Amino acid sequence: MAAQTQARTCGLIDGFGRRVTYLRLSVTDRCDLRCVYCMSEDMSFRSRRDILSLEELARLARLFIARGIDTLRITGGEPLVRQGILDLFKALSEPLRDGSLHELTLTTNGTQLPRFAEDLARTGVRRINVSLDTLDPERFRTLTRGGSLAQVLDGLAAARAAGLTVKLNAVALKDGTEHEIHDLIAFAHERDMALSLIETMPLGDIGADRLDQYLPLNALRRQIEQRWTLVDIPIRTGGQACYARIAETGGLIGFITPHTHNFCADCNRVRVTASGTLYTCLGQDDATDLRAILRVGGSDDDVVRVIDQALGRKPKGHDFVLRRGTPPQITRTMSETGG
Ligand code: SAM
Ligand code: SF4
């Protein structure tokens with residue numbers, strides 16, 4: 001209760017005066033796909049006992065909400081492969097109902113949405129992000145190392161049938177995205193889905209040189225502008241995205257550009273891994289072990305104190321460098337940190 005009172009008075013403010021209101025909470029580092037830019041082929045995962053229980057995850061989420069987090073994104077790995085995941089969503093629908101949480105959402109690869117979309121909508125989820133890099137079944141199989149595009153398309157249909165607003169995320173990849181960007185835009189906007197394009201980030205060893213995959217979004221944007229009229233709009237999500245509306249479709253396109261533009265000055269988010277490590281920056285190694293405090297019986301105030309101390313150390317920004325032959329400075333993958 002002490003933590004809740006404190007929250008509403010000052011919230012989470014970092015050492016640079018940025019108000020942090022957005023938590024990405026990873027519920028598993030495992031996944032049913034193996035995307036080539038995210039994981040290596042022979043990825044190893046954390047042991048089950050390292051991973052927070054659903055009760056521990058719910059407790060942490062509530063403490064962050066008490067401390068001023070109003071947007072909570074469940075992520076992974078693939079969040080919908082976590083056993084019992086709906087119980088976590090059900091637990092978190094309570095702060096949604098009482099208004100302390102404004103938005104409960106998730107990022108998913110979409111494969112499990114035919115099973116979960118309706119139940120997610122019932123727990124109060126309204127908008128979701130679905131990752132889809134290609135509309136070509138063969139390329140999808142290659143990029144995900146064996147996944148089925150049809151399964152994801154079924155997932156998208158299920159999400160829309162359940163009334164969920166969907167935003168598509170596509171990682172821009174050399175020798176691929178350039179060839180189908182116009183189809184991706186048309187596919188998304190015909191279905192009232194915004195489309196965000198993401199520059200690949202040097203996170204973890206993927207068993208390949210990322211420069212071979214990297215497609216800068218300023219180049220892709222120039223290509224998009226040859227076909228479509230982009231009208232910049234001032235939506236800022238506190239992340240690394242800027243948005244434009246495409247005049248011909250009326251739909252939104254987002255550009256998440258950690259390399260070609262750095263938006264860290266507006267960063268409003270932190271991440272907690274499935275094993276309970278708090279990262280205050282995706283692109284830095286500043287880590288705080290919250291699991292240890294939970295598992296030695298720490299009180300809510302103990303946990304909140306450590307969260308506050310970590311926030312005071314939130315770095316100014318990432319130092320992503322893409323240089324041929326240079327190993328990634330950040331050894332954890334996006335699937336481990338929680339994308
Ligand atoms: N499995 C879910 C999914 O794919 O949507 C959620 C987790 S995934 C790690 C979250 C997002 O991170 C996805 O949109 C994925 O494309 C993106 N991603 C993964 N590795 C990345 C990287 N190295 N650079 C940029 N985006 C990456
Ligand atoms: Fe799995 Fe998402 Fe990583 Fe692809 S991007 S391997 S779906 S966690």
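Tutor: One definition before we start: a residue is buried when its relative accessible area is under 20%, exposed when that is over 50%, and partly exposed in between. Also, this is a predicted model.

Student: Okay, let me try that out. Is Arg221 buried or exposed?

Tutor: Arg221 has a relative accessible area of 16%, so Arg221 is buried.

Student: And what does Arg221 form with Glu225?

Tutor: A salt bridge, with the closest N and O atoms of Glu225 and Arg221 3.0 Å apart. Glu225 itself is partly exposed, at a relative accessible area of 38%.

Student: Where do Glu225 and Arg221 lie?

Tutor: Both are in helix H8, which covers residues 217-227. They sit 4 residues apart, about one turn of the helix.

Student: How many salt bridges does a search of the whole structure find?

Tutor: The search finds 17 salt bridges. One of them joins Arg18 to Asp14, and there the closest N and O atoms are 2.6 Å apart.

Student: Is Arg18 buried or exposed? And Asp14, buried or exposed?

Tutor: Arg18 is buried, with a relative accessible area of 8%. Asp14 is buried too, at 5%.

Student: Which residues are linked with Asp50 in a network of salt bridges?

Tutor: Arg46, Arg291 and Glu336 are linked with Asp50 in that network. Within it, the side chains of Asp50 and Arg46 meet in a salt bridge at 3.9 Å, N to O.

Student: Why do Asp50 and Arg46 count as partly exposed?

Tutor: Asp50 has 23% relative accessibility, so it falls in the partly exposed range. Arg46 is at 29%, so Arg46 counts as partly exposed as well.

Student: Which residues in H6 are buried?

Tutor: Leu149, Val152, Gly155, Leu156 and Ala159 are the buried ones. They cover an arc of only 115 degrees around the axis, so they are on the same side of H6.

Student: What covers the buried residues of H6?

Tutor: The cover includes helix H4 (113-122), helix H5 (137-143) and helix H7 (177-190). Strand E6 (127-131) and strand E7 (165-172) are also part of it.

Student: What happens just after H6?

Tutor: Gly163 comes there, with a positive phi of about 85 degrees.

Student: Which residue other than glycine has a positive phi near 60 degrees?

Tutor: Asp175 is one of them. It lies in the loop between E7 and H7, and with 60% relative accessibility Asp175 counts as exposed. Asp192 also has a positive phi, about 60 degrees, although it is not a glycine. Asp192 is in the loop between H7 and strand E8 (194-199), and at 68% relative accessibility it counts as exposed.

Student: Asp133 lies in a loop too, but where?

Tutor: Asp133 lies between E6 and H5. At 7% relative accessibility, though, Asp133 counts as buried.

Student: What does Asp133 touch?

Tutor: Not counting residues up to four places away in sequence, Asp133 touches Tyr37, Arg139, Leu143, Asn169, Ala170, Val171, Glu180 and Leu184.

Student: How many residues along the chain lie Asp133 and Gly312 apart?

Tutor: They are 179 residues apart, and their C-alpha atoms are separated by 36 Å.

Student: What about Leu23 and Arg269, how many Å apart are they in space?

Tutor: They are 5.7 Å apart, C-alpha to C-alpha, while in sequence they are 246 residues apart. Leu23 is in strand E3, residues 22-26, and is buried at 1% relative accessibility. Leaving aside neighbours within four places in sequence, Leu23 has contacts that include Phe64, Ile69, Leu72 and Val270.

Student: Last one! Which residues are around ligand 2?

Tutor: Cys31, Leu33, Arg34, Cys35, Cys38, Met39, Gly77, Asn109 and Ser335. By class, that shell has 5 nonpolar, 3 polar and 1 charged residues.

Note on methods
Residues numbered from 1 in each chain as written. Chains lettered and ligands numbered in written order. Predicted model: local features only at pLDDT ≥ 70, side-chain atom pairs only at ≥ 80, totals over all residues. Heavy atoms only, no water. Salt bridge = Lys/Arg side-chain N within 4 Å of Asp/Glu carboxyl O. Buried < 20%, exposed > 50% of the residue type's maximum accessible area, 1.4 Å probe, protein only. Helix = DSSP H or I, 4+ residues; strand = E, 2+ residues; numbered from the N terminus. Arc of directions from axis to C-beta. Contact = heavy atoms within 4.5 Å. Near = heavy atom within 4 Å. Nonpolar A, V, L, I, M, F, W, Y, C, P; charged D, E, K, R; others polar.
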